Amino acid sequence: MIDYENLITDTVRNIKPSGIRKFFDVAERIPDAIALGVGEPDFKTPWHIRQAAIDALSKGQTRYSANAGLTPLREEIARYMERRFTLKYDPASEIIVTVGGSEAIDNIIRSVISVGDEVLIPEPSFVCYAPLTELAGGKPVILPTYEKDDFKLMPETVKAAITEKTKLLIMPYPNNPTGALMEKEDYEKIAAVIKDTNILVLSDEIYIELNYSKSKPFSFAQTEGMFDRTIVVNGFSKTYAMTGWRIGFACGPKAIMKAALKIHQYGIMCAPTVSQYAAIEALKNGDEDIENMREHYNMRRRFLLDAFESLSVPCFEPKGAFYVFPNISEFAESSEAFCNDFLEKAHVAVVPGNAFGDSGEGFIRISYAYSLDHLKKAIERLEKYIKR
């Protein structure tokens, strides 16, 4: 009989499963459970975007595209980046269309990280960065962020972590799970630390359009002196409610994109062609959709913040993405214990903060990419749970 366990690599065996999914697998078995954890918009993909996909299907536009993506889509991405962020990219050599933002992150990490190279990763943050670094043979170096600093990455933290092996800095803002935002002046402080190094920056900007501050969305690549060392990763899942379409992109220096394209070419071939046609329509005519969804998210955000204040539950005010990150340390010994008990007794599934790194301990993540009705019911149950 084959010993499958011995065939699996140590690297893969030692990677922990995502802490996000655990509670929702359990919640699916509870008939009246309210799940508020998966970062998926409750909006349907806007009709005009779906119509573009239908039109592509009706015309039989279902063949492979170029490995880097349809030329019209890359051109539209270039126009979007210049229109929104004054960043100029050559669609022929500095943009790759990927299967969601996640594939772009994986490709960039594997393109630049060799065995032993160090990757600086702020936490709490999305769960994929450290495992993908390990799969590439690199070493994740965790940079904790704290509520007292609005969960922003502090320049002194970066400076203290840099070694001769540091090769890449991840900038995951607006942040999942905290909703924290880094603005121009914050980025300038980080830039001052790395400007004389050879460190590249992967700026994960999947939530950049979901910004509730008074300032205009700002890309790390816009920071003075950072354009040539920054790879911007973005996608259509959150901004246009296109999670299942699996379409994203990376923009960056020609040499890095050329390397990433090799991985994409052999591992994926190309992103789904019909999804690419839909993405063209989203970029051309989707600005109003973004604004509409952002307004709804902001209303839900304010509702939750007001609710936590009325319940005397401390909650950092998020300025981006669609998550709140309340501090529940007074109610349980650990965030995981709180989530287990909350699910068992109140039938509400949320994500423990430590699923996003040790510095998330004592917090829980609640997604407000759900209807206001769901959020109101969840808060009612939370109030009863706390009183109990």
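## Helices, sheets and cysteines in a predicted model

Helix α6 (residues 100-112) has 10 of its 13 residues buried, so α6 is largely enclosed by the rest of the structure. Buried means under 20% relative accessible area, exposed means over 50%, and partly exposed lies in between (1.4 Å probe, protein chains only). The buried residues of α6 are G100, G101, E103, A104, I105, D106, N107, I108, I109 and V112. Helices (H or I, at least four residues) and strands (E, at least two) are DSSP runs, numbered from the N terminus.

This is a predicted model, where local features need pLDDT of at least 70, side-chain atom pairs count only at pLDDT 80 or more, and totals for chains, interfaces and linings use all residues. Residues are numbered from 1 along each chain as its sequence is written, and side-chain values use heavy atoms, with hydrogens and water left out.

**The seven-stranded sheet**

An open sheet of 7 strands runs in the order β2-β8-β7-β6-β5-β3-β4, with mixed pairing. Two strands pair if DSSP finds at least two bridges between them. The edges are β2 (95-98) and β4 (139-144); each has a single partner strand, so one side of each is left without a neighbour in the sheet. On average, neighbouring strands of this sheet are turned by 20 degrees against each other, direction ignored. Strand β3 (residues 118-123) pairs with β4 in the parallel sense over 6 bridges. There, V119 stands opposite P140 in β4. Helix α5 (residues 71-85) packs on the sheet and touches β2, β7 (230-235) and β8 (248-251). The direction of α5 makes about 115 degrees with that of β2. Axes are lines fitted to C-alpha atoms, for helices over the stretch in contact, and angles run from 0 to 180 degrees between N-to-C directions.

Strand β9 runs antiparallel to β10 (residues 323-326), joined by 2 bridges. F316 has F325 in β10 as its bridge partner.

F363 sits in the loop between β12 and β13 (364-367). F363 counts as buried, at 7% relative accessibility. Its C-alpha atom is 4.7 Å from that of G353, 10 residues apart along the chain. Beyond neighbours within four places in sequence, F363 is in contact (heavy atoms within 4.5 Å) with E147, F151, F325, P326, N327, I328, S335, P352 and G353.

**A helix pair**

Helices α13 (residues 335-346) and α14 (residues 372-387) pack at about 105 degrees, with axes 11 Å apart. The two are therefore roughly perpendicular to each other. Angles of 65 to 115 degrees count as roughly perpendicular, under 35 as roughly parallel, over 145 as roughly antiparallel and the rest as oblique. F338, D341, F342, K345 and A346 in α13 meet A378, R381, L382 and Y385 in α14.

**Cysteines**

The whole structure holds 0 disulfides. A disulfide is a pair of cysteine sulfur atoms within 2.5 Å. For C339, the closest cysteine sulfur is too far for a bond.
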